[in-house]
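Hi,

Here is the structure I promised to pass on.

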Amino acid sequence: MPHNNFCSKNHRYSPFYESMPLSQAQPGRHICAACAFEDGLLNGLNCLEKKTDLSHLPDSQAGTVRHIDAMSLYNLGYSIGLKIQNLDMKNLQKLLLFMSSMSSS
Ligand SMILES: [Zn+2]
């Protein structure tokens, strides 16, 4: 697997993800749950069809997102995206920046 297929964003250390459901269902698959959340959020915001395959997202083996169930996070992001569609893009970018900047240390 190419090294650049791993997520290197700071969001993988966000405490936001610490309380999210763990996944033991797919051993060997460690898709970055934070990337999945953001993908779901953007898909919901844009009223795109919900994805059932997240294999396009990078993996993560570090931080708080490790072993988190990516599909649960995608679905959570999607439902939030649908709810906040009416926010303007400036507010959305602030939200994403805030979430990416939340770091435990
Ligand atoms: Zn990520």
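One term before anything else: I call two residues in contact if their C-beta atoms, placed from the backbone, lie within 7 Å. Please keep in mind that this is a predicted model, where local features need pLDDT of at least 70 and side-chain atom pairs count only at pLDDT 80 or more, while totals for chains, interfaces and linings use all residues. Residues are numbered from 1 along each chain as its sequence is written.

Now the overall picture. Helices (H or I, at least four residues) and strands (E, at least two) are DSSP runs, numbered from the N terminus. Of the contacts with a separation of 6 or more, 84% are between residues 24 or more positions apart.

As for burial, 30% of the 105 residues count as buried. A residue is buried if 20 or more other C-beta atoms lie within 10 Å of its own, exposed if 12 or fewer, and partly exposed in between.

Next, how H1 and H2 pack. Two packed helices are described by the angle between their axes and the distance between the axes. Here the axes of H1 and H2 come within 6 Å and cross at roughly 30 degrees. Those axes are lines fitted to C-alpha atoms, for helices over the stretch in contact, with angles running from 0 to 180 degrees between N-to-C directions. H1 and H2 are therefore roughly parallel to each other; angles under 35 degrees count as roughly parallel, over 145 as roughly antiparallel, 65 to 115 as roughly perpendicular and the rest as oblique.

Which residues of H1 and H2 meet? On the H1 side they include Ala33, Ala36, Phe37, Gly40, Leu41 and Gly44, and on the H2 side Ala70, Leu73, Leu76, Gly77, Ile80 and Leu82 are among them. The residues of this H1 and H2 contact divide into 13 nonpolar, seven polar and two charged.

Two residues of H2 are worth a click. Leu76 is in helix H2 and counts as partly exposed because it has 19 C-beta neighbours inside 10 Å. Leaving aside its neighbours within four places in sequence, Leu76 is in contact with Phe37 and Gly40. Its C-alpha atom is 9.4 Å from that of Ala36, 40 residues apart along the chain. Leu82, also found in helix H2, has 15 C-beta neighbours inside 10 Å and so counts as partly exposed. Leu82 and Gly44 are 38 residues apart in sequence, yet 4.7 Å apart in space, C-alpha to C-alpha.

Then there is the largest nonpolar core, with 18 residues. Such a core is a set of buried Ala, Val, Leu, Ile, Met, Phe, Trp, Tyr and Cys residues joined through C-beta atoms within 7 Å. Cys32, Ala33, Ala34, Ala36, Phe37, Ala70 and Leu73 touch the most other members. Helix H1 (33–45) and helix H2 (70–83) are the elements that give two or more residues to this core, and H1 gives the most, with seven.

Finally, the loop between H1 and H2. Asn46 sits in this loop and counts as exposed because it has 9 C-beta neighbours inside 10 Å. Cys47 is in the loop between H1 and H2 too, and with 9 C-beta neighbours inside 10 Å, Cys47 counts as exposed. Most residues other than glycine have a negative phi. Phi of Cys47 is near 55 degrees, a positive value.

Cheers

Terms used: Nonpolar A, V, L, I, M, F, W, Y, C, P; charged D, E, K, R; others polar.
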